[in-house]
Amino acid sequence: MPPQRNTSSQPATVATAPTLNEMSLAIEDSNHLETQKVPEDIGQGHTRTINIGGRIRLINRDIIPRETAKVQYHNKLPEQATVGAITLYGDALTDLNNTRHQLHHCQGNYHWGHIPRDDGSIVFRGQKRSCILYFSVSHGLLTQYPESMGSIEQSSLWRLMTGQVGGVSAPRVLSNEAICTLRDLVSSPITTPWDWMRVEAKALEIVSTCLFHYDREPTDTSDIPLSRDDRKKITNARDILIHRMETPPTIAEIAKTIGVNTFKLKKGFKQLYGTTMFAYLRSRRLDQAYELIRSGEMNVTEAAFEVGYANPSAFSAAFRKAFGVNPMECRKSSYQVPSQIHGA
Amino acid sequence: MHGEQNRYRIYDDARNKIFESATSKSGIFTEATRISKAVLPDNLGTFESCHIHIAKGMRFAFESMTTNRKLVVQHTREEPDHVIGSFFLSGHFQVQPKGTSKLIPKQNTGIVWSHTPGLTYTSDLQPGQTSKSAYIIIKPEVFSSPQEHDSAVKNGLWDLFKGNSVGTCTAEHLSVDDHRILKNILSFNPAKPWNWLHLESKVLELVSNNLSRYEQVGSSKSGFAIPPHDIARIEAARDILIDKMDNPPSIMKLARLAGINEFKLKKGFKQIYSDTIYGYLRRYRMKKAYEWLKSGEMNVTEVAVKVGFTNPSAFGAAFKKQFGVNPAECRRKFFSV
């Protein structure tokens with residue numbers, strides 16, 4: 001029997017967790033909302049859980065640790081659900097204990113995995129904001145669809161999400177627009193039944209978008225072996241890229257600085273983060289421009305220049321492609337709508 | 001599933017019935033078919049009618065008709081256990097809830113939400129004209145909550161969903177967002193299973209957007225708090241507007257007269273009076289015109305001028321659009337008695 005939507009609005013609870021080690025990915029029957037503050041001795045931030053009755057559980061972990069923090073999770077990964085991790089801000093590194101998978105989270109990318117009973121740890125970097133939104137999706141969500149669908153060629157992610165196979169998907173990236181939608185979603189208050197409906201709608205949309213990505217882009221199976229040292233170097237390359245966003249170095253320069261060849265750098269970057277170096281750079285630039293424009297801090301031309309676009313019309317075109325609106329419209333809308341106050 | 005039916009009747013311009021569809025029970029929607037199409041005679045034009053069974057208790061339907069002659073198409077939808085959102089995208093529709101004589105006239109586009117024993121849609125078609133409509137059909141149980149946590153929520157549409165009330169919500173206009181979402185839904189391709197997930201997400205989004213529209217205006221949840229001195233100024237602006245109804249100032253001028261900035265005035269006005277400044281003025285003018293005509297003190301032209309219409313025929317058209325009768329008839333009706 002398909003689960004019943006339960007749209008009752010329950011009061012949000014705010015509690016202080018003793019540690020960050022507890023993170024239940026279990027899907028429950030009822031809707032509920034819970035926010036836990038990050039303990040003060042560790043840093044700032046919170047973990048917000050949104051349980052959408054019977055189908056999806058969202059957990060948003062938004063943290064700025066004082067020092068680099070390694071969190072060892074006590075909870076095992078669920079058997080009846082597939083888990084996704086979407087990075088909304090910053091970066092982090094997950095290590096799974098039994099299967100030895102390593103997930104490189106960076107802003108905009110996501111991984112999906114069905115690894116029942118495994119557990120792991122995550123490293124958040126000190127003094128940096130990391131925000132990871134976990135999706136725990138019940139296998140029942142997709143099995144409700146018509147039987148005739150079974151005959152079509154299924155994507156790797158479809159099999160993962162219906163629990164037919166186990167493993168971790170290669171990373172992919174979401175559009176800037178989708179990331180912004182998710183940021184709004186996890187920070188806006190959920191009080192009425194229609195707020196719950198909106199959250200459910202957006203969560204389903206993201207799941208469908210991810211499935212679509214894996215259908216369109218055939219998985220590149222020709223992975224190259226990367227040593228622990230290589231991974232570290234590629235992480236450094238990413239930091240250099242972000243640090244010098246306005247005047248980015250060439251790939252050859254970066255490769256030289258970190259000490260790997262350009263082939264390995266390009267290929268390795270794609271393998272770890274699910275995107276190319278310059279697509280990542282573009283996405284980060286546009287994201288920063290979006291924040292500058294939305295906050296009213298800068299006008300469109302200033303923001304374009306700030307993030308390294310010399311040509312405003314090229315900037316507008318790229319912005320439109322990433323966010324679905326012109327930068328001008330984005331500025332106007334932010335002026336008219338008073339900024340939402342974080343409710344829960 | 002008993003008693004649910006969809007029936008089409010088509011009349012020519014002399015009101016002779018030229019087609020009647022067999023009763024089609026919505027019970028034909030099985031898990032396996034998911035999509036069903038109604039068949040209408042193709043010698044009269046192009047008809048497309050499609051029902052999509054999205055999930056348990058949730059369906060989406062779409063209809064599009066283009067005729068080659070003048071026709072009246074009557075579609076009766078009897079689904080007493082469902083809340084139905086009817087979205088009119090183009091054409092001329094009238095909606096009549098079963099068992100009442102109440103007609104909900106729609107101009108070109110709009111939305112009607114209802115939870116009634118049945119609905120009859122009457123669509124007047126001109127040759128070559130296309131009428132398009134979409135429907136969301138939902139069992140109230142899909143959203144009902146076992147606990148009554150939402151008793152504090154005041155929302156006319158939510159009352160229909162909770163099944164506490166039976167009836168029809170006031171018709172609303174289609175918003176830009178509604179159009180965007182409907183366009184997205186109508187491009188649905190059933191071949192890929194994730195598109196079904198996407199479809200469900202868009203239907204939920206549409207319902208959610210519509211619910212927030214029926215949220216009580218002025219409650220602390222919606223909008224922002226208006227400082228008391230601004231409220232006084234917005235009220236003053238309203239008084240000026242009404243006072244100068246025959247020759248209303250521009251919004252910019254109105255803002256200056258009331259001593260408030262234009263943005264605050266527009267935003268605050270909408271929050272206090274749940275309408276735009278000119279929308280409010282239009283309604284107020286019509287209300288006054290109606291009262292004055294009824295009193296019999298003035299003739300139609302005098303009333304038109306008094307409420308700010310320089311062109312009497314424009315006044316006549318606006319009046320008829322609002323009340324369904326032209327002003328002269330209205331005056332006769334009350335004054336001759």
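A residue is called buried when its relative accessible area is under 20%, exposed when that area is over 50%, and partly exposed in between, with a 1.4 Å probe and protein chains only. The model is predicted, with local features needing pLDDT of at least 70 and side-chain atom pairs pLDDT 80 or more, while totals for chains, interfaces and linings use all residues. Residues are numbered from 1 along each chain as its sequence is written, chains are lettered from A and ligands numbered from 1 in the order in which they are written, and side-chain values use heavy atoms, without hydrogens and water.

**View 1. Asn299(B) in a loop of chain B.** Asn299(B) sits in the loop between α7 (277–295) and α8 (300–306) of chain B, where helices (H or I, at least four residues) and strands (E, at least two) are DSSP runs numbered from the N terminus. Because its relative accessibility is 34%, Asn299(B) counts as partly exposed. Leaving aside residues up to four places away in sequence, Asn299(B) touches Leu293(B) and Arg331(B), a contact being heavy atoms within 4.5 Å. The side chain of Asn299(B) also reaches the backbone nitrogen of Thr301(B) at 3.1 Å.

**View 2. The largest cavity.** A cavity is a set of points, on a 1 Å grid over the protein atoms alone, where a 1.4 Å probe fits but cannot get out; a pocket is an open set with protein on both sides within 12 Å along at least five of seven lines, and lining residues have an atom within 4 Å of a point. The largest cavity holds about 320 Å³ of space, a volume being the space filled by probe spheres set on the points, which are joined across faces, edges and corners. Its lining has 23 residues, and Leu77(A), Val83(A), Thr94(A), Leu96(A) and Tyr134(A) are the closest to its centre. Among the elements that give two or more residues to this lining are β6 (81–89) and β7 (91–96) of chain A.

**View 3. The second largest pocket.** About 440 Å³ of space lies in the second largest pocket. Of the 19 residues that line this pocket, Leu93(A), His104(A), Arg231(A), Lys232(A) and Thr235(A) lie nearest its centre. The elements of chain A that give two or more residues to the lining are β7, β8 and α5 (228–243), and α5(A) gives the most, with eight residues.

How values were computed: A polar contact is a pair of N or O atoms within 3.5 Å; within protein, one must be able to donate a hydrogen and the other to accept it, and residues adjacent in sequence count only if both atoms are side-chain atoms.
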